Amino acid sequence: MSKTQPVTLSPDDVDGLDAAILDYFLEGRDVGEPWGKATPSEVYRALDERGQLEDLGDPVRQTVQNRIQRLALAGHLENKYDTGSYEFVEDPREG
């Protein structure tokens, strides 16, 4: 049985797509609105509607999901109860 090694992300490892995803999870925090929880589909659709995906090279939904999973493996997001609903934990850009 192989164990998955944790991924460590530094601020330099965060590119534009990662930043857009993290920013989505942080929306509402500063104004007292609900924040910090989303599914990959929700994040993808929101970024697409805003035109941000086009600015980031038009990644497909699977790429957004993979980035969210990468952020979760690094401990910055948490897949709540393995349901595919992710919750913000910490921002690697603040490291």
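The buried residues of α1 are covered by elements that include β1 (37-38), α2, α3 (52-55), α4 (61-73), β2 (77-79) and β3 (86-88). Helix α1 spans residues 16-26, and nine of its 11 residues are buried. This is a predicted model: local features need pLDDT of at least 70, side-chain atom pairs count only at pLDDT 80 or more, and totals for chains, interfaces and linings use all residues. Residues are numbered from 1 along each chain as its sequence is written, and side-chain values use heavy atoms, with hydrogens and water left out.

**Terms**

- Helices (H or I, at least four residues) and strands (E, at least two) are DSSP runs, numbered from the N terminus.
- Buried means under 20% relative accessible area, exposed over 50%, and partly exposed in between (1.4 Å probe, protein chains only).
- Contact, or touching, means heavy atoms within 4.5 Å.

**Helix α1 and its ends**

- The buried residues in α1 are Leu 17, Asp 18, Ala 19, Ala 20, Ile 21, Leu 22, Tyr 24, Phe 25 and Leu 26.
- At the start of α1, the backbone nitrogen of Leu 17 has a side-chain oxygen of Asp 15 within 3.1 Å.
- Just after α1, Gly 28 has a positive phi of about 95°.

**Packing of α1 on α2**

- The axes of α1 and α2 (residues 40-49) come within 10 Å and cross at roughly 105°. Axes are lines fitted to C-alpha atoms, for helices over the stretch in contact, and angles run from 0 to 180 degrees between N-to-C directions.
- That makes α1 roughly perpendicular to α2, a label for angles of 65 to 115 degrees.
- On the α1 side, the contact is made by Ala 20, Ile 21, Tyr 24 and Phe 25. On the α2 side, Glu 42, Val 43, Ala 46 and Leu 47 make it.
- These contact residues divide into seven nonpolar, no polar and one charged. Ala, Val, Leu, Ile, Met, Phe, Trp, Tyr, Cys and Pro count as nonpolar, Asp, Glu, Lys and Arg as charged, and the others, Gly among them, as polar.

**Nonpolar core**

- The largest nonpolar core has 22 residues. Such a core is a set of buried Ala, Val, Leu, Ile, Met, Phe, Trp, Tyr and Cys residues joined through side-chain atoms within 4.5 Å.
- Ile 21, Phe 25, Val 43, Val 64, Ile 68 and Leu 77 have the most contacts inside this core.
- α1, α2, α4 and β3 each supply at least two of its residues. The largest share, eight residues, comes from α1.
- Ile 68 touches Ile 21, Pro 40, Val 43, Leu 77 and Tyr 86, not counting residues up to four places away in sequence.

**A buried aspartate**

- Asp 91 lies in the segment after β3. Asp 91 is buried, with a relative accessible area of 8%.
- Its touching residues are Leu 22, Leu 26 and His 76, not counting residues up to four places away in sequence.
- The side chain of Asp 91 makes a polar contact with the side chain of Arg 93 (2.8 Å). A polar contact is a pair of N or O atoms within 3.5 Å; within protein, one must be able to donate a hydrogen and the other to accept it, and residues adjacent in sequence count only if both atoms are side-chain atoms.

**Exposed loop residues**

- Asp 30, in the loop between α1 and β1, is exposed at 74% relative accessible area.
- Asp 58 sits in the loop between α3 and α4. Its phi is near 60°, a positive value in a residue other than glycine.
- Tyr 81, in the loop between β2 and β3, also has a positive phi, near 55°. Tyr 81 is exposed, at 73%.

Methods:
Angles under 35 degrees count as roughly parallel, over 145 as roughly antiparallel, 65 to 115 as roughly perpendicular and the rest as oblique.
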